[in-house]
Amino acid sequence: MLAAIEVYNKPNFAYREETFSILAVNAWELLLKARILQLSKNRIASILEYERRTLADGTKSEKRYRKRNRSGNHLSVGLFKALDLLNNEYAAAVPGAVRENLELLCEVRDNAIHLSNKSSDLCKVVRELGTACLRNYIAATREWFATDISEENFLLMPIGFVEGGEASAAQVGANEKRVTEFLRGRILEGVAEESAGYDVALRMDLKFSRSRAEDAVPVVVTNDPSATRVTLTEEDLRDRYPWDYRTLTAQLKKRYTDFKQNAAYHEIRRPLEEDERYCRTRYLDPRSTTGVPKRFYNPNILREFDKYYARPS
């Protein structure tokens with residue numbers, strides 16, 4: 001699992017999500033087998049695959065034989081067989097959220113192994129699944145083996161390094177789109193499977209903050225319908241538009257020597273209230289556009305008033 005995290009967090013790695021999915025699924029399979037061995041008093045037979053051989057008369061043998069791979073080594077059970085054994089044979093049920101999370105990561109893994117994934121939307125989904133996968137892994141090791149591995153830097157970086165500080169989205173093909181839609185649908189369905197301490201996926205939130213740093217990525221407010229849409233929560237809106245009318249007027253009185261709260265001020269302000277860069281209108285019921293509105297202002301509106309009023313010298 002540490003290998004999966006190391007790869008995911010590399011600054012420049014083109015196969016990031018796919019490799020993480022492959023290694024993380026492998027880590028979980030090993031952990032589940034370790035759990036079976038723990039419960040079976042370390043009987044190696046408990047994690048091996050068995051088969052009935054075909055006899056000369058075409059019937060299957062009563063005896064079960066250990067199954068071997070092409071090199072002649074004994075085959076061990078796979079990921080989901082291990083889950084089934086724990087649930088059915090050892091009465092040590094694994095939370096449904098864990099299985100759902102692993103099934104979705106396996107979908108990413110299988111698509112990566114047999115074809116390829118090149119979608120920015122898929123990257124976000126894998127991060128949400130991957131974060132839940134790590135959290136579940138830590139919870140399971142703590143619950144099953146009384147081992148706390150949370151101090152091993154078990155975290156995925158919130159935003160991957162992208163050269164130049166800006167990320168550009170690639171066009172999504174039909175294959176990637178189907179995978180992404182399938183994963184998102186299953187994530188929504190799998191919420192009911194979540195239990196205390198275990199998750200199917202963890203949502204990613206991105207928060208914008210003002211910065212004067214030279215390497216800050218610029219964000220532009222636009223009405224362009226083709227632009228990437230960012231939804232703001234009520235908390236985000238209050239952060240972005242912290243001033244009401246009274247606060248705005250008080251700020252203007254402090255800022256300018258010739259400011260007066262008169263008709264001229266209202267004529268300047270009203271057109272600015274139509275621009276979402278400077279003002280946002282809120283209603284008592286956020287879902288309605290009727291009733292008594294209340295306007296909130298972004299501090300950037302001061303730059304517009306600078307064109308009309310004088311500041312202290």
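**Salt bridges, helices and a hairpin**

Author: Let's start with a count: there are 12 salt bridges here, a salt bridge being a side-chain nitrogen of Lys or Arg within 4 Å of a carboxyl oxygen of Asp or Glu. This is a predicted model, where local features need pLDDT of at least 70 and side-chain atom pairs count only at pLDDT 80 or more, while totals for chains, interfaces and linings use all residues. Residues are numbered from 1 along each chain as its sequence is written, and side-chain values use heavy atoms, leaving out hydrogens and water.

Reader: What makes Arg99 and Asp84 a salt bridge?

Author: Their N to O distance is 3.0 Å. The cut-off is within 4 Å, so the pair qualifies. Arg99 sits in helix α4 (residues 96–114) and Asp84 in helix α3, 15 residues apart, and the pair links distant parts of the chain. Helices here are DSSP runs of H or I with at least four residues, strands are runs of E with at least two, and both are numbered from the N terminus.

Reader: Why is Arg99 called partly exposed?

Author: Its relative accessibility is 25%. Buried means under 20% relative accessible area, exposed means over 50%, and partly exposed is in between (1.4 Å probe, protein chains only). So 25% makes Arg99 partly exposed. Asp84, with 31%, is partly exposed by that rule.

Reader: Which residues of helix α3 are buried?

Author: In α3 (residues 79–88), they're Leu79, Ala82, Leu83, Leu85 and Leu86. Seen down the axis, these buried residues fall within an arc of 160°, so they line one face of α3. The arc is that of the directions from the helix axis to the C-beta atoms.

Reader: What do those residues of α3 meet in α2?

Author: Quite a list, including Val25, Trp28, Leu32 and Leu39. Contact means heavy atoms within 4.5 Å. The axes of α2 (residues 16–39) and α3 come within 9 Å and cross at roughly 35°.

Reader: What makes residues line one face of helix α9?

Author: The buried ones in α9 (residues 263–272) are Tyr265, Ile268, Arg269 and Leu272. Down the axis they fall within an arc of 95°, so they line one face. The face turned away from the buried side carries the exposed residues Ala263, Glu267 and Pro271. Covering the buried residues are elements including α8, β3 (279–283), β4 (293–297) and α10.

Reader: How many bridges join strand β1 to strand β2?

Author: Four, between β1 (residues 50–54) and β2 (residues 60–66), and the strands run antiparallel. Pairing needs at least two bridges found by DSSP, so four is enough. Tyr50 stands opposite Arg66 in β2. The two strands form a hairpin with five residues between them, and Gly58 in the turn has a positive phi of about 90°.

Terms used: Axes fitted to C-alpha atoms, helices over the stretch in contact; angles between N-to-C directions.
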